[in-house]
Amino acid sequence: MKKIILTLALLMGVFAAQAQSLEPNKFFDNISVTLKGGAIMPFQGYAFWPSARGIFGLEIKKQLTPVFALGVEGEATINTTSWEKDPNFWGPKSPNIIDHTLAGMFGTVNLSNLFGGYKGKPRVFEIEGVFGAGWLHAFHRTESADYYGYDYDSWYTKAGANLNFNFGESRAWTFSLKPAVVWDMNGDVMNGYRYNRPVRMWVSPHSNASKMNADHAAVELEAGITYHFKGSNGERYITFCPYKYSQGSQQPAPARPGCCPQGC
């Protein structure tokens, strides 16, 4: 335990010192947008690939430091209510093509920069850890919905990884493989219907205590393409202060305005 604490303290110290040499990160700097899509399937209890259904979405992310970023995402699934194996935790089969949506926030930790240090430019290949949470909505629209209301609202948590391949001299584009696990934190949408509880109960059938349960989890296997917008300094990523020494004074002179001299 002491070794872990000392290692974390050392890493924090390294990045605290490194942060002093980074150019200021303005509000609209280091922003990217990602289009993603792929397959989603139940975490357990179903045949893996035969149960794969479509999923697609959009992310907007702000890189705060070379290690940490925050973003928002929206995703939609296709025909996931066709997972009707007994016991069915996913709701009655819906005639809608899009039958589940997710909208929330996420954070990423760049493990390559955390453990390998930031070199002033994204590597060709990097690994990120992803953690998120948000609103989960299901569109039921069937006669079975009389037992608990037409639609279903819950909240989700997510844990996964981004395997990033950064392209181009300016690192304008990133191709990512994005495996993740998503949990429906409120559990069993079919609880009231399965146990024949009274129609439209005052108590929601998904009012169980929120928890991570493998029966209520799904696996996402997506690929994404990301475009990184130019920042105020003309770059598409976090940069170091570009100070240079003049021959006469041997004192640093800023190559760009707004860069803190004490960090260079």
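**Briefing: aromatic pairs, a barrel and its loop**

The structure holds 7 aromatic pairs, where rings of Phe, Tyr and Trp (its six-membered ring) pair if their centres lie within 6.5 Å. It's a predicted model, with pLDDT of at least 70 needed for local features and 80 or more for side-chain atom pairs, while totals for chains, interfaces and linings use all residues. Residues are numbered from 1 along each chain as its sequence is written, and side-chain values use heavy atoms, with hydrogens and water left out.

**Aromatic rings**

- Phe-27 and Phe-28 form an edge-to-face pair, 4.9 Å centre to centre with 85 degrees between the planes; planes under 30 degrees apart count as stacked, over 60 as edge-to-face and the rest as tilted.
- Both Phe-27 and Phe-28 are exposed (exposed is over 50% relative accessible area, buried under 20%, partly exposed in between, with a 1.4 Å probe and protein chains only).
- The Phe-125 and Phe-165 pair is tilted, because the ring centres sit 5.0 Å apart and the planes are at 45 degrees.
- Phe-125 belongs to strand S5 and Phe-165 to strand S6 (residues 151–167), so this pair ties together parts that are 40 residues apart in sequence.
- Phe-125 counts as partly exposed at 37% relative accessibility, and Phe-165 is partly exposed too, at 31%.
- Trp-173, Tyr-227 and Phe-229 form one aromatic cluster.

**The barrel**

- The 8 strands make a closed barrel that runs S1-S2-S3-S4-S5-S6-S7-S8 with antiparallel pairing; strands here are DSSP runs (E, at least two residues), numbered from the N terminus, and two of them pair if DSSP finds at least two bridges between them.
- Neighbouring strands of this sheet are turned by 25 degrees against each other on average, direction ignored (the axes are lines fitted to C-alpha atoms, and angles run from 0 to 180 degrees between N-to-C directions).
- S3 and S4 run antiparallel and are joined by 11 bridges, with Leu-70 opposite Gly-107 in S4.
- S4 and strand S5 (residues 125–139) are also antiparallel, joined by 11 bridges.
- Met-105 stands opposite Ala-133 in S5, and Leu-102 has Leu-136 in S5 as its bridge partner.

**Gln-63, in strand S2**

- Gln-63 lies in S2 (residues 53–63) and counts as buried, at 17% relative accessibility.
- Beyond its neighbours within four places in sequence, Gln-63 is in contact (heavy atoms within 4.5 Å) with Asn-25, Asn-30, Phe-68, Ala-69, Glu-128 and Ile-238.
- The Gln-63 side chain reaches the backbone oxygen of Phe-68 at 3.3 Å.

**The S3–S4 loop**

- Ser-82 sits in the loop between S3 and S4 and is partly exposed, at 23% relative accessibility.
- Setting aside neighbours within four places in sequence, Ser-82 touches Arg-53 and Lys-93.
- A polar contact of 2.8 Å joins the side chains of Ser-82 and Arg-53 (a pair of N or O atoms within 3.5 Å; within protein, one must be able to donate a hydrogen and the other to accept it, and residues adjacent in sequence count only if both atoms are side-chain atoms).
- The Ser-82 side chain also reaches the backbone oxygen of Asn-79, at 2.6 Å.
- Lys-93 lies in the loop between strand S3 (68–78) and strand S4 (98–110), and at 49% relative accessibility counts as partly exposed.
- Lys-93 and Phe-139 are 46 residues apart in sequence but 9.5 Å apart in space, C-alpha to C-alpha.

How values were computed:
Helices (H or I, at least four residues) and strands (E, at least two) are DSSP runs, numbered from the N terminus.
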